[in-house]
Amino acid sequence: MAAVLDSVRAFFAPTTFTIDAENPSDVVARENLLDRVMGADRRKKSSEKIRRNRVPAEGLALVARDRDGRIIGTVRLWNIEAGVNDEGTPINALLLGPLAVASQHGGKGIGAALMRAAILEAKNRGHGAVLLVGDAAYYERFGFFAEKARHLVMPGPFERSRFLALELTEGWLDGAAGMIVPSGRMLASAPVRRAA
């Protein structure tokens, strides 16, 4: 019922945000938003182990901006291998997260808009599946369910009931089993200068 009420409120609320591609000048604002919304312990999560020192999937780092251009929401997707199929071939997929919206902008449909935009863009770019760790009651409305992720595991502690998957291509995760591992590009590191 709460999801229905949120949808009705968002429908009648004036549009106060836009969804945009993240750009390099957004990094500090995005990180500050994530710290405020998710807390300092966010970097200890199993999903973070997959994202650490990686670049998001091409074109799949999105932000929500208010009328003044400030970042009020964010979502990013990351290239992963979702275990292997029955023949032992790695299954390419995406890991979604984190999704965050500034607390003062909650209930305006911003998170849902970010989710819909991210899913559509992932599908348009030819990706076959998206996985995430999150609240099933929230993510089921976008088509995420635990069933397709039942034989996959994260690299560290996670709650099985919160490990969800969405197939963008029907049957993409059929037979998928094993460990989720990062497969995306690494961040470029700055050269280390040695003291003379």
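This is a predicted model: local features need pLDDT of at least 70, side-chain atom pairs count only at pLDDT 80 or more; totals for chains, interfaces and linings use all residues.
Colleague: What makes up the lining of the second largest pocket, and which residues lie nearest its centre?

Modeller: The lining has 27 residues, and those nearest the centre of the pocket are Arg 30, Arg 54, Pro 56, Arg 76 and Trp 78, around a space of about 530 Å³. Helix 2 (27–38), helix 3 (46–51) and strand 3 (71–84) each contribute at least two lining residues, and helix 2, with four, gives the largest share.

Colleague: Why are Arg 30, Glu 31, Leu 33 and Leu 34 of helix 2 called buried?

Modeller: A residue is called buried when its relative accessible area is under 20%, and Arg 30, Glu 31, Leu 33 and Leu 34 are the residues of helix 2 that fall in that class. They lie on the same side of helix 2, because the arc they cover around the axis is only 160 degrees. Val 28 and Arg 36, on the other side, are exposed, a term that requires over 50%.

Colleague: What do the buried residues of helix 2 pack against?

Modeller: Their partners are strand 3 and strand 5 (100–101).

Colleague: How do you know that the span of helix 2 is close to the expected one?

Modeller: The expected span takes 1.5 Å times one less than the number of residues; for the twelve residues of helix 2 this gives 16 Å, and the distance from the first C-alpha to the last is 16 Å, so the two values are close. Just after helix 2, Gly 39 adopts a positive phi of about 85 degrees.

How values were computed
Residues are numbered from 1 along each chain as its sequence is written. Side-chain values use heavy atoms; hydrogens and water are left out. On a 1 Å grid over the protein atoms alone, a cavity is a set of points where a 1.4 Å probe fits but cannot get out, and a pocket is an open set with protein on both sides within 12 Å along at least five of seven lines; lining residues have an atom within 4 Å of a point. Grid points are joined across faces, edges and corners, and a volume is the space filled by probe spheres set on the points. Buried means under 20% relative accessible area, exposed over 50%, partly exposed in between (1.4 Å probe, protein chains only). The arc is that of the directions from the helix axis to the C-beta atoms. Contact means heavy atoms within 4.5 Å.
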